[in-house]
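Biologist: I should like to learn how to read the features of a protein model, one at a time. May we begin once the structure is in view?

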Amino acid sequence: MIRNFVDIDPKLDKINDECGVFGIYKNDEDIDIVAVTHDALFGLQHRGQQSAGITVNVDGEFSTVKELGMVSEVFTPNVLKKLPDGQIAVGHVRYTSNESLDRASNQPLVLRYNQGALAIASNGSITNYPEIRQDLERGGAIFQSNSNAEIMAYVIATERCSTDNLEDAVLAAMDKLKGAYSTVICAPTRLIGFRDMYGFRPLSIGKLKNSYIITSETCVIDSMGGEYIRDVKPGEMVVIDKDGFHSYMSKRKASQTSLCLFEYVYVARPDSEIGGISVYNARFKAGELLYSEYPIEADMVCGVPDSGLIAAEGYAKASGIPYGMGFVKNKYIGRFVGTGNGKKARLLKTRLTALKSNVKGKRVVIIDDSIVRGETSKHIVQLMRDAGASEVHMLISSPPFICPCYFGIDIRDTDNLIANKMTADEICRYIGADSLGYLSLQGLHKIADGADIDFCDGCFSGNYNAEIPRTIFVDKYAKKINRE
């Protein structure tokens with residue numbers, strides 16, 4: 001029996017990334033390390049809106065401000081004044097599901113142990129989290145949160161007891177931690193960044209004058225007027241200290257690297273580069289490929305703000321159909337605080353409206369990045385029909401989501417995935433479109449041709465290059481994959 005999707009929930013109808021991270025080692029006296037880190041978190045806000053935090057290291061003493069909320073809500077002018085100027089700082093923006101939204105898991109997480117102190121900020125998901133936590137608890141560990149960062153910090157602290165230095169402890173921890181992690185650590189005298197051996201989540205290195213930056217996306221480096229150096233390699237640990245820049249590689253090697261392809265489709269900012277490929281160009285190419293797979297006769301192409309706009313430009317160029325504005329997005333609505341039973345529906349109606357004067361009487365192709373539950377797509381199609389469009393065609397710049405993600409994207413099961421329950425034709429009828437098309441898996445891989453890393457498409461294909469948590473990948477997923 002097909003589930004009846006009835007609630008419009010913008011959060012459930014978009015795929016969300018787990019977090020964004022930032023670290024800086026200051027070598028320039030005229031750099032305000034708090035201001036730079038604060039600005040960096042604004043640049044990473046799209047990767048997480050549930051909490052934000054900054055830790056500053058002043059001669060080995062750590063000062064931290066972190067709280068639930070957006071960057072602008074957490075870091076008011078008065079709060080920023082509480083953070084001292086130091087030499088090293090790390091910052092974090094967090095996305096998490098509502099059921100795990102707790103203050104204890106806010107990052108950076110500061111850990112004090114017998115070898116000193118660490119502040120850790122991480123993006124990703126540790127797939128052997130339960131096993132590691134159970135082993136640590138048997139040894140007497142007491143946990144304050146359910147965060148991956150706390151597990152990572154415990155493992156590093158445990159390894160530090162049997163090694164001569166922190167670098168060896170981090171490398172040893174990397175050998176034990178499975179899954180996805182792009183992480184920055186503020187230590188008493190150095191900044192450390194490291195990435196899992198598959199490279200699921202992006203992590204880049206840059207310079208601001210003579211100071212070093214490690215961050216989730218290159219757009220942060222560019223916005224500061226800095227210089228992009230390179231990406232942290234899968235399985236690499238980089239260390240910045242008074243002697244400069246150092247690189248170390250983990251002993252464990254992946255048979256194939258696995259950058260998340262959805263970074264190009266939706267997660268990353270369009271002005272970032274990942275794996276040597278422009279995110280903007282990848283999304284534009286996705287639109288061009290959509291036209292090669294779904295040529296439609298229409299009068300106008302438009303994108304769903306903001307993630308569908310660039311692919312719509314690509315489709316318009318390839319097809320010769322005029323590109324136009326079909327929707328207006330209210331960018332000032334922020335986080336909706338209204339009350340009443342229709343809160344979520346009113347939020348969506350307030351956030352997005354159709355431009356009647358531009359679509360009335362026209363055959364319109366709408367481009368969006370994905371369909372999760374289908375409720376938002378259904379609403380968007382209805383908006384276009386109410387505005388007077390004569391035909392409404394929906395095209396998606398990624399394949400259907402049919403499987404969970406275990407590596408940092410919030411697809412935890414198939415309960416909310418409409419494509420796991422319906423065929424494309426059924427979804428088309430459900431959302432009320434005249435036609436519906438998804439970019440093929442082969443097409444998706446083409447959008448980042450020339451990248452210096454291999455890709456993970458597990459949420460679209462069910463094929464994961466990395467080990468996934470045991471007992472989770474059950475026959476129902478495989479059955480769906482074979483049918484598709």
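Biologist: What do S5 and S6 form, and how many residues lie between them?

Modeller: This is a predicted model, in which local features need pLDDT of at least 70 and side-chain atom pairs count only at pLDDT 80 or more, while totals for chains, interfaces and linings use all residues. Residues are numbered from 1 along each chain as its sequence is written, and side-chain values use heavy atoms, with hydrogens and water left out. Strands (E, at least two residues) and helices (H or I, at least four) are DSSP runs, numbered from the N terminus. S5 and S6 form a hairpin, with two residues between them.

Biologist: How many bridges join S5 to S6?

Modeller: Two strands pair if DSSP finds at least two bridges between them. Here, five bridges join strand S5 (residues 109-113) to S6, and the two run antiparallel. Leucine 111 has leucine 118 in S6 as its bridge partner. S6 is also joined to strand S7 (residues 179-186), by eight bridges and again antiparallel; glycine 124 stands opposite tyrosine 181 in S7.

Biologist: Is strand S6 mostly covered or uncovered?

Modeller: A residue is buried under 20% relative accessible area, exposed over 50%, and partly exposed in between (1.4 Å probe, protein chains only). Ten of the eleven residues of S6 (residues 116-126) are buried.

Biologist: In what order do the strands of the open sheet of seven strands lie?

Modeller: The order is S3-S2-S4-S1-S10-S9-S11, with antiparallel pairing. Strand S3 (61-68) and strand S11 (227-231) are the edge strands, each pairing on one side only. Within this sheet, strand S2 (residues 51-58) and strand S4 (residues 88-94) are joined by seven bridges, and asparagine 57 has isoleucine 88 in S4 as its partner.

Biologist: How does one check the span of helix H13?

Modeller: The expected span of a helix is 1.5 Å times one less than its number of residues. The twelve residues of H13 (residues 375-386) should therefore span 16 Å, and the end C-alpha atoms are 16 Å apart, which agrees. Among the buried residues of H13 are His379, Ile380 and Leu383. After H13 comes glycine 388, with a positive phi near 105°.

Biologist: Which residues other than glycine have a positive phi, such as aspartate 59?

Modeller: Most residues other than glycine have a negative phi, and most peptide bonds are trans. Aspartate 59 has a positive phi near 55° and is placed in the loop between S2 and S3. Aspartate 59 is exposed because its relative accessible area is 79%. Lysine 209, with a positive phi of about 60°, is found in the loop between strand S9 (204-208) and strand S10 (211-215).

Biologist: Where is the cis peptide bond whose omega is about 5°?

Modeller: That bond joins glutamine 107 and proline 108, and proline 108 is in the loop between S4 and S5. Another cis peptide bond, with omega about -10°, joins proline 305 and aspartate 306.
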